[in-house]
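Here's a quick tour for anyone meeting this fold for the first time. Have a look at the model, then read on.

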Amino acid sequence: MIISSTQNPKIKHLLALQQKSSLRRKEGLFVVEGQRELSHCLGAGYEAESIFMLEHADLGELHIAGGCETYEVTSNVYSRIAYRESTEGVIAIMKAKQRRLEELYNNGSLYVVIEGVEKPGNIGAILRSADAAGVDAVIVCDPLTDLYNPNLIRSSIGAVFTVPTIACTSEECIAFLKEHHIQILTAQLQDSSPYYATDMRRPTAIVMGTEATGLTQIWREAADAHIRIPMLGRLDSLNVSVSAAILMFEAVRQREQ
């Protein structure tokens with residue numbers, strides 16, 4: 001079946017899923033655009049509900065399991081549903097999965113926790129660094145954007161699927177970390193030590209807040225240590241994704257010694 005109208009109900013449904021987090025939550029569905037991102041998503045065990053392919057697109061080595069609906073769309077329709085041109089001609093509606101904190105624990109772990117970070121691009125960049133650093137999980141506390149936001153998926157280039165990613169409350173996360181004896185290192189300027197002077201070789205959670213307000217008091221009180229990145233210029237903060245990458249790779253450096 002070839003869809004040639006942007007008014008087709010299936011196209012309108014796909015666009016609504018891209019735009020409305022409430023609909024994604026209600027239906028348990030989300031949208032993935034691009035062969036690389038879709039490959040990571042399928043590799044993480046997600047199921048496709050429907051696939052929309054540009055006419056005559058070559059899917060290469062991308063293998064879609066049977067049982068999902070597949071539609072070809074014209075270039076006019078594809079340009080309407082695609083966020084960017086270089087997505088190799090495929091967009092999919094996927095079935096969401098809910099991950100739980102209890103699935104995560106393993107000895108020698110390294111977690112990154114982000115509290116109240118709103119911008120999908122920042123979360124996506126953190127996930128890319130987490131994948132590169134071999135982080136065991138990223139825990140998003142008190143999220144202000146849902147983990148299936150299309151901008152988050154795009155900016156992570158699929159790392160939201162390659163790195164276990166959990167959304168929960170700060171209280172739930174702190175209880176989990178304490179129960180499993182994982183040290184909590186909060187990134188903050190006040191009452192803190194340089195990050196490179198802190199032992200990250202034991203099971204560790206690196207906790208980051210927003211650039212504007214930092215971490216809430218509950219995390220400052222729960223911390224085993226407070227760490228900071230020295231700021232030698234006139235500004236007093238880095239982008240949260242840059243800070244997270246610096247701290248992750250310090251943990252990697254220490255563990256490789």
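Isoleucine 157 sits in the loop between helix H6 (150–155) and helix H7 (159–162). Helices (H or I, at least four residues) and strands (E, at least two) are DSSP runs, numbered from the N terminus. This is a predicted model, where local features need pLDDT of at least 70, side-chain atom pairs count only at pLDDT 80 or more, and totals for chains, interfaces and linings use all residues. Residues are numbered from 1 along each chain as its sequence is written, and side-chain values use heavy atoms, with hydrogens and water left out.

Over in the loop between H8 and S9 you'll find histidine 181. Here are both residues, with accessibility classed as buried (under 20% relative accessible area), exposed (over 50%) or partly exposed (in between), using a 1.4 Å probe and protein chains only:

| Residue | Phi | Relative accessibility |
|---|---|---|
| Isoleucine 157 | near 45 degrees | 24%, partly exposed |
| Histidine 181 | near 55 degrees | 61%, exposed |

Most residues other than glycine have a negative phi.

Now for the sheet: 7 strands make up an open one, paired in parallel, in the order S8-S7-S6-S11-S9-S12-S10. S8 (165–168) and S10 (193–194) are at the edges with a single partner strand each, so one side of each has no neighbour in the sheet. Two strands pair if DSSP finds at least two bridges between them. Strand S9 (residues 183–187) and strand S12 (residues 225–228) run parallel and are joined by 3 bridges; threonine 186 has histidine 226 in S12 as its bridge partner.
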